[in-house]
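Biologist: I am new to this structure and would like to learn how to read it. Please take me through it one feature at a time.

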Amino acid sequence: MLELLVVLIIMALAAAVVLPTLVPPTRAAVTGGDAALADARRTAIRRGEGLRFRLDADGTWALVPLAGGAPVDSGRVTVGVAPERVDVIISPLGSCLPSSTRDGMTFDLLRCTWRSS
């Protein structure tokens, strides 16, 4: 009886580890540049590679590997007041480094978000 209980516990633990990988993640609707950047950050962490996120003033964005090559993902979002271009390098661990700054804003490197100063 004890052996059966141990086997059931081991099977439950294995199922708890494996099931999240079998269910594909749902993609949240991207409504702005910050949401697209958050999605790009999750993609970099999931892929385990450095990525470059580019957002143009017209709302077109692309996610490109740092090593070069074809874009990993791209799309278009609605942006309010945007600078001429946002270019952020995302590490495989999820930290971000913007290539430009916004007036009156600071960038949180660990959360990949812009904040008012």
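Biologist: Which residues of the largest nonpolar core touch the most other members?

Modeller: In soluble globular proteins, nonpolar side chains tend to be buried together. A nonpolar core is here a set of buried Ala, Val, Leu, Ile, Met, Phe, Trp, Tyr and Cys residues joined through side-chain atoms within 4.5 Å. Buried means under 20% relative accessible area, exposed over 50%, and partly exposed in between, with a 1.4 Å probe and protein chains only. The largest core has 17 residues, and Leu37, Phe53, Trp61, Val88, Ile90 and Phe107 touch the most other members. Two or more residues each come from α2, β1, β2 and β4, and α2 gives the largest share, 4 residues. Helices (H or I, at least four residues) and strands (E, at least two) are DSSP runs, numbered from the N terminus.

Biologist: What should I know about the model itself?

Modeller: The model is predicted: local features need pLDDT of at least 70, side-chain atom pairs count only at pLDDT 80 or more, and totals for chains, interfaces and linings use all residues. Residues are numbered from 1 along each chain as its sequence is written, and side-chain values use heavy atoms, with hydrogens and water left out.

Biologist: What does Phe107 touch?

Modeller: Contact means heavy atoms within 4.5 Å. Not counting residues up to four places away in sequence, Phe107 touches Leu37, Val88, Cys96, Pro98, Cys112, Thr113 and Trp114.

Biologist: How is the aromatic pair of Phe53 and Trp61 described?

Modeller: A pair of aromatic rings is described by the distance of the centres and the angle of the planes. Rings of Phe, Tyr and Trp (its six-membered ring) pair if their centres lie within 6.5 Å; planes under 30 degrees apart count as stacked, over 60 as edge-to-face and the rest as tilted. The structure holds 1 such pair. Phe53 and Trp61 are 6.0 Å apart centre to centre, with 35 degrees between the planes, and the pair is tilted. Phe53 counts as buried because its relative accessibility is 1%, and Trp61 counts as buried at 4%.

Biologist: What is the order of the strands in the open sheet?

Modeller: Two strands pair if DSSP finds at least two bridges between them. The open sheet of 5 strands has the order β3-β2-β1-β4-β5, with antiparallel pairing. β3 (73-76) and β5 (96-98) each have a single partner strand, so one side of each is left without a neighbour in the sheet. β1 and β2 are joined by 5 bridges, while β2 (residues 60-65) and β3 pair over 4 bridges. Ala62 stands opposite Arg54 in one direction and opposite Ser74 in β3 in the other.

Biologist: Where does helix α2 lie?

Modeller: Axes are lines fitted to C-alpha atoms, for helices over the stretch in contact, and angles run from 0 to 180 degrees between N-to-C directions. Helix α2 (residues 33-47) lies across β1 (51-56), β2, β3, β4 (85-90) and β5, at about 165 degrees to β1.
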